[in-house]
Amino acid sequence: MPPPLVPDPATAPSTGVSNWNIANALTVLRILLVPLFGWLLLTHGGHDTAYRWGALGVFFVASVTDRIDGDLARSRGLVTDFGKIVDPIADKALMGMALVGLSLIHEVPWWITVLILIREFGVTVLRLWVLRHGVLPASRGGKAKTALQALGIGLFVLPLGGIVHVAAWCVLLVALVITVVTGVDYVFRALRLRARPVR
């Protein structure tokens, strides 16, 4: 049985505070870090060890801000419409750049990148499709998928081979399975939500 429709923190009502706050600043910082991460990852065809370590550092900082900005927004009453719109854009930009970059330097096959990106943007379209009927919140599986994707990508960015590369493949393949399963789950949940009468 799919997880129940529960309140999503991102759907919390805006608190009326200014968009100029620390939570939104961290979200914007994450967006600004995306091109820097991409440049570091792709420099010299991805074969420069120093640049790869730099890319990993930037990816880690950007991933940490993803957690911190949401926690700050909810705990300090800094939820804004701007943040609710820009935060998922920042997440998808970071993950998209990472996957595309890793495919460009032949670390991750293109079919994995395309499959994950189709799922991510597909869920966004589904959420817009059911917006008049209610909110399609993130499930536990979706959150696990995000964490595993970030871990797998981080391991692939590491300029190391051997056991690290094997671990990267294991983590990413598990993330891929969860990505597909939760994507199908979102489709069925969206269909059920659409079947409800509009209030």
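This is a predicted model: local features need pLDDT of at least 70, side-chain atom pairs count only at pLDDT 80 or more; totals for chains, interfaces and linings use all residues.
Which residues in helix 5 are buried? Helix 5 covers residues 140-157, 18 residues in total. Its buried residues are Gly-142, Lys-145, Gln-149, Ala-150, Gly-152, Ile-153, Gly-154, Leu-155, Phe-156 and Val-157. From first C-alpha to last, helix 5 reaches 26 Å. That is close to the 26 Å expected at 1.5 Å a residue.

Now turn to helix 2. It runs through residues 49-75 and has 27 residues. Its reach is 39 Å between the first and last C-alpha, close to the expected 39 Å. Look at the start of this helix. Asp-48 caps the N-terminal end. One of its side-chain oxygens lies 3.1 Å from the backbone nitrogen of Ala-50. Next, follow the buried residues of helix 2. They include Arg-52, Ala-55, Leu-56, Val-58 and Phe-59. Further along come Ala-62, Thr-65, Asp-69, Gly-70, Leu-72 and Ala-73. An α-helix has 3.6 residues a turn, so residues three or four places apart point the same way. Just after helix 2, Gly-77 takes a positive phi of about 65 degrees.

Which helices supply at least two residues each? They are helix 4 (110-129) and helix 6 (163-195). Helix 6 gives the largest share, five residues. Take Val-184, which sits in helix 6. Val-184 is partly exposed, with a relative accessible area of 42%.

Terms used. Residues are numbered from 1 along each chain as its sequence is written. Side-chain values use heavy atoms; hydrogens and water are left out. Helices (H or I, at least four residues) and strands (E, at least two) are DSSP runs, numbered from the N terminus. The expected span of a helix is 1.5 Å times one less than its number of residues. Buried means under 20% relative accessible area, exposed over 50%, partly exposed in between (1.4 Å probe, protein chains only). A polar contact is a pair of N or O atoms within 3.5 Å; within protein, one must be able to donate a hydrogen and the other to accept it, and residues adjacent in sequence count only if both atoms are side-chain atoms.
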